[in-house]
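Thanks for coming. I have one structure to go through today, so let me put it on the screen.

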Amino acid sequence: MLWDYFLYAFEGLRRRKLRSWLTMIGIFIGIAAVVSLISLGEGLKEAITGQFAGIGADRIVVQNANAGFGPPGSTDIKPLTEHDKKLIEKTKGIEIAVARLLRTTQARFKDESKVQFVVSWPEKKEGGDFILDSFSFAASEGRMLKPGDKFKAVVGNNFASKKIYSKPIRIGDKIIVNSEEFDIIGIMDKTGNPQFDSVVIIMEGTMKRVLGIGDEIDIIASKVRKGEDPAKVSEGIAKNLRKDRGLKKGEEDFQIETPHQVVAAFNAIFFIVQAVVVGIAFVSLVVGGVGITNTMYTAVLERTKEIGIMKAIGARNRAIFAIFFMESGLLGMIGGIIGVFLGYVLGKAAENAGKSLLGTELLAPVFSPALIIGALLFSFLVGSVSGVMPALQASKLKPVDALRFTK
């Protein structure tokens with residue numbers, strides 16, 4: 001019996017093709033927005049969480065407090081120094097601390113000059129090994145830097161294509177950083193991170209000399225000894241730095257972060273962004289639901305005599321209600337199916353655009369079964385709820401009044 005109701009409801013939609021399509025627009029736009037944006041968000045979340053997880057839970061990063069926009073070293077704040085690095089090295093629970101410089105400057109290759117991100121490489125072997133271990137850096141061509149490589153450079157994978165300059169950089173080429181010439185000895189493996197894939201790496205001492213950097217440091221990365229609690233060690237570093245700088249708790253002019261803290265902060269921000277996305281899509285779904293309600297009221301009006309005939313030959317109120325309820329639910333479900341398909345297409349299009357235009361693999365959508373099933377169930381729910389009132393109206397029509405009705 002229910003199958004017969006379903007077929008009858010489907011036939012009703014088929015007879016009103018244009019109206020049905022127009023009614024579903026709001027539904028599949030909303031569902032497409034939810035599926036594409038949430039899948040992209042989940043993909044970005046997994047990629048970023050994976051990168052931080054790869055760094056290791058035993059890493060602690062200390063940097064200047066955020067006092068404005070721009071890369072480290074670009075704002076007028078009290079910088080970290082070699083003195084701070086030594087203080088961190090002496091903190092209980094720290095195995096090694098490595099200084100990093102991160103700056104933007106002019107980099108010229110052949111006749112093209114562009115502003116590029118330049119990062120320092122530790123002068124000591126143990127510092128370089130620590131960075132390699134933390135970020136899983138490796139050279140796809142040539143080799144990474146080692147002690148003594150004064151005017152040599154390693155570049156990100158994007159330099160090997162035409163994403164940075166009009167001509168790709170090869171091993172043996174020369175790049176000019178702030179008027180100083182560097183030999184390219186290595187090209188890194190592609191990481192999928194736009195920043196890492198577009199970086200120029202030179203030795204720390206050489207970078208200080210070329211860019212005129214004094215004793216200041218942008219970031220101090222450290223490793224916690226095995227068996228020590230990173231949270232407690234982090235508190236120890238903060239306490240020592242506050243004491244050394246004469247600061248009270250809450251007045252820190254530095255930031256201390258562990259991968260766990262960064263991921264937690266990202267997840268909190270990501271949750272807010274997702275809530276906003278769902279809220280915007282919900283508006284479209286409400287509009288779609290109103291459209292379904294309007295369409296179903298019109299359908300009841302057009303089929304009043306048909307309802308009267310069905311009741312005259314024995315159809316009960318619940319049968320009439322079921323037919324129109326299923327019809328509205330079908331509108332929502334079909335709109336949801338189209339929306340899921342469109343969302344998939346949009347998500348993949350964004351992924352391809354990210355790879356070709358931005359050179360990043362972070363925009364890789366994750367279409368989880370829970371997202372797809374949830375989107376379809378929600379679209380069916382919107383359609384069904386929107387059709388409750390019209391279906392009730394149809395079920396309560398009296399056979400005599402329905403048969404006498406004229407349009």
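Where does aspartate 84 lie? It lies in helix 3. Before I go further, please keep in mind that this is a predicted model.

Staying with that residue: is aspartate 84 buried or exposed? Its relative accessible area is 3%, and the cut-off for buried is under 20%, so aspartate 84 counts as buried. As for what it touches, leaving out residues up to four places away in sequence, aspartate 84 is in contact with Pro79, Ile220, Leu241, Asp244 and Arg245.

Now the overall picture. The chain contains 13 helices and 13 strands. Of its 407 residues, 44% count as buried. If you take the contacts between residues at least 6 apart in sequence, 78% of them join residues at least 24 apart.

Which elements supply at least two residues each to the lining? They are helix 3, spanning 82-89, along with strand 3 and helix 4. Strand 3 gives the most, with 4 residues.

In general, nonpolar side chains in soluble globular proteins tend to be buried together. Here, the largest nonpolar core has 26 residues, and the ones that touch the most other members are Ile27, Ile31, Val35, Ile307, Ile320, Phe324 and Ala394. Two or more residues come from each of helix 2 (17-55), helix 8 (259-302), helix 9 (304-312), helix 10 (317-358), helix 11 (369-386) and helix 12 (388-395). The largest share, 7 residues, is from helix 2. There is also a second, separate core of 21 residues, which includes Phe109, Phe182, Met207 and Ile213.

Now a different set of strands. Strand 4, residues 102-109, and strand 8, residues 174-177, run antiparallel and are joined by 2 bridges. Arginine 108 has isoleucine 176 in strand 8 as its bridge partner. Strand 8 is also joined to strand 9, residues 180-188, by 4 bridges, again antiparallel. There, isoleucine 175 stands opposite phenylalanine 182 in strand 9. Strand 8 and strand 9 make a hairpin with 2 residues between them, and asparagine 178 in the turn has a positive phi of about 50 degrees.

Two more residues before I stop. Why does valine 115 count as exposed? Because its relative accessible area is 54%, and the cut-off for exposed is over 50%. Its contacts, leaving aside neighbours within four places in sequence, are Thr104, Thr105 and Gln106. Between valine 115 and valine 177, which are 62 residues apart along the chain, the C-alpha separation is 9.6 Å.

The other is proline 168, in the loop between strand 7 (152-155) and strand 8. Proline 168 is partly exposed, with a relative accessible area of 22%. Setting aside neighbours within four places in sequence, it is in contact with Phe109, Phe159, Ala160, Ser161, Lys162 and Asp173. From proline 168 to phenylalanine 109 is 59 residues in sequence and 9.5 Å in space, C-alpha to C-alpha. Phe109 is one of the residues of the second core.

That is all I have.

Note on methods:
Residues numbered from 1 in each chain as written. Predicted model: local features only at pLDDT ≥ 70, side-chain atom pairs only at ≥ 80, totals over all residues. Heavy atoms only, no water. Core = buried A, V, L, I, M, F, W, Y, C linked by side-chain atoms within 4.5 Å. Buried < 20%, exposed > 50% of the residue type's maximum accessible area, 1.4 Å probe, protein only. Contact = heavy atoms within 4.5 Å. Pairing = 2+ DSSP bridges.
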